[in-house]
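Notebook open, structure loaded. I'm jotting down what I looked up, in the order I got to it.

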Amino acid sequence: MEMNKGVVCVCAALALQVVAVGFLVWRYERIVQKGTEVRIKCQAYDPYDPLRGRYLRVTVSETCTNILFEVDADNYWKVPEGDIYAKLAKAPGDGGLYRVEAVAREPTDAGLWVKTKSLRLARALDHEDKRKGESYDEFYARQKKSGTKAVVSFPDQLFINEKVAPEAENLLRKAIASAVAVFRVLDGEIVLTDIEIGGKPILSAVREGEE
Amino acid sequence: MKKEEWLRGEIAKWRSEGAVDEATAATLLARYPQSESRIGWGAIIAGSFGALLVGLGVIAIFAANWDFLGRGARAAVSVAPLVACCGVAILAKARGWRSMALWEPLGILWFVSTAAAACLVAQTYNVGGRVPDLVMFVAVLTLPVVWTTRSVAAMSTWPVLALVYGCSSAKWWSGAVTGDIVKALLMLAASIPAYVAFLRRRPSRVALVSSQLVTGLVYSFGTALMLVVCLDCGIQAGIMVFWGCSALVLAIGAAFKLPVWPMVAVVVASFAATPTVAQYRSGLFSLFVISLVFAVATTVYGIVKKRLAYMNIGSILLLYLILAKFFMSRVDFTVKGIVLIVSGVALAALNVVLVRAKRRA
């Protein structure tokens, strides 16, 4: 009886583990297979993390001033709790690249909405926008009137082979202007699938470089 | 030969010589039950280390050749070691194999395989999620491993996941940390049934002591560290948190007769008392006085109960507290040197006296 109980416990543990890992695979495979392909301009580097292994850290930092939720004028930096969605749309005359068109607490129309990884709210004018000869008081008054901008980010880690990571980073550094992050989007979920340099997947570009 | 093996041999001899009858022999045998494993702890450690190396080696091979596999193959390869471990566990349960020489390495390999499977699948789909989410996912998946195998290494590592979850998920800057702390403490509580089950199996002395050492340290020091990180409290509150956690572990250890836990708790409390000597914070003086009282009490307890470890912990803390304050003063270094020598001699003499007293007793 005790033996059977033990076998049942191990079988239950195995079932739980396989179902959980299987669910993870199903959840993301579905997005990769059926999702809409989205390309967004990016920067990337290899952070050389001994814990996570080699991966390329993608920086996709999209800015948008079309914020569809209430922002407290005095506490403009306060991000609301819960998920924040970004509406992606192809930017005209940008080679089919997508840009963030709006951010909201939930999708407001039938466009391509995705959950953001993070959101930062800031004044629309940065310190770089301070005019020459303009006093700080004048600049802060102008900055306050400029409104709020949302800086959103998406999944930003592309895990790649240990051997090719340094070369990939090298290539990206040289051709940063043509680096594009390729995502798949389905039902509000977004998955990073590749990085392209000059229209070529990063691994192909590295292998071509080696040859 | 182990004591219990020798005793079993002797009881068998007495029975054959007619010195004891069958019922008495059975009563004696029941009084000294056989420990669960006859294989030495050295073999178990070697096996466990081997299992760990195998697990890490498999991960390294997968990682180096990841690109040559498709997504489906990657998923299958990720889950394969986990399924293999479960297969061995089912076989072992079905055959009634209970040796720790099997379950300890299997527990480690299964634990590593489970964590690796989750991480490899996450890497395949570039799920660059939050660290607490990954830790929680791995913790939930590995908990059955801890409960099923009762491996000391797996059992001791699992609560660390709960602490890492607590530390990484707490948004201390937002002030809303209660929920995160409660979740981490609930996770920590989930590790207790496995430890209770482990204790009920009457493990060997080495397993018992090493498990108490690690779990005592995790429950006292780890929990306190997590709370201090989550609450982002100052030095005085931090010391109080460490003392509180140590007191709890000490009380539970004393109540449930886990002799190593109180000792670990006293060490952790002593460690937490060390910053109280700082002079630049006046609020620390009351804690310094409490530390002095604690050190004296621990020393006296060690002397009265003839427990060398407690006496040494208490006297070392006492010496540290007094000497640290003394060395911060402007007294001449010759005097400081003499005081150091006297302290060292006093500590050695105290040990010699106590050892002699123990021998006489």
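I started with B:Lys306, which counts as partly exposed because there are 14 C-beta neighbours inside 10 Å. The cut-offs I used: buried means 20 or more other C-beta atoms within 10 Å of the residue's own, exposed means 12 or fewer, and partly exposed is in between, with C-beta atoms placed from the backbone. B:Lys306 is found in the loop between helix H13 (284-304) and helix H14 (308-328) of chain B. Helices here are DSSP runs (H or I, at least four residues), strands are E runs of at least two, and both are numbered from the N terminus. I also noted a positive phi for B:Lys306, near 55 degrees, in a residue other than glycine.

Before going on, a note on provenance. This is a predicted model, where local features need pLDDT of at least 70, side-chain atom pairs count only at pLDDT 80 or more, and totals for chains, interfaces and linings use all residues. Residues are numbered from 1 along each chain as its sequence is written, while chains are lettered from A and ligands numbered from 1 in the order in which they are written.

I then looked at B:Lys257, which has a positive phi near 55 degrees and is not a glycine. I found B:Lys257 in the loop between helix H11 (235-255) and helix H12 (260-273) of chain B. Is B:Lys257 buried or exposed? B:Lys257 is exposed, with 8 other C-beta atoms within 10 Å.

For contrast I picked B:Ile59, in helix H3 of chain B. B:Ile59 has 20 other C-beta atoms within 10 Å, so I put it down as buried.

Chain B as a whole: I count 15 helices and zero strands. The C-alpha trace spans about 75 × 70 × 35 Å along its principal axes. Of the 361 residues of chain B, 38% count as buried. Contact means C-beta atoms, placed from the backbone, within 7 Å. Of the contacts in chain B between residues at least 6 apart in sequence, 70% join residues at least 24 apart.

Next, helix packing in chain B. H6(B) and helix H7 (residues 152-169) pack with axes 9 Å apart and an angle of about 160 degrees. Axes are lines fitted to C-alpha atoms, for helices over the stretch in contact, and angles run from 0 to 180 degrees between N-to-C directions. H6(B) and H7(B) are therefore roughly antiparallel; under 35 degrees would be roughly parallel, over 145 is roughly antiparallel, 65 to 115 is roughly perpendicular and the rest is oblique. H6(B) passes H7(B) in a left-handed crossing. Left-handed means the near helix is turned anticlockwise from the far one by less than a right angle, and right-handed means clockwise.

I did H5(B) against H6(B) as well: the axes come within 10 Å and cross at roughly 160 degrees. That makes H5(B) roughly antiparallel to H6(B), and I logged the crossing of H5(B) past H6(B) as right-handed. By class, the contact of H5(B) with H6(B) has 12 nonpolar, four polar and no charged residues. Nonpolar covers Ala, Val, Leu, Ile, Met, Phe, Trp, Tyr, Cys and Pro; charged is Asp, Glu, Lys and Arg; the others, Gly among them, are polar.

Which chain sides meet? The contact takes 28 residues from chain B and 29 residues from chain A. On the side of chain B that touches chain A, H4(B) gives the largest share, 10 residues. That side divides into 19 nonpolar, six polar and three charged residues.

Last, a sheet in chain A. I found an open sheet of four strands in the order E1-E11-E12-E13, with antiparallel pairing; two strands pair if DSSP finds at least two bridges between them. Strand E11 (residues 179-186) has six of its eight residues buried, so it is largely enclosed by the rest of the structure. Six bridges join strand E1 (residues 36-41) to E11(A), and A:Ile40 has A:Ala181 as bridge partner in E11(A). E11(A) pairs with strand E12 (residues 189-197) over eight bridges.

Methods
Two residues are in contact if their C-beta atoms, placed from the backbone, lie within 7 Å.
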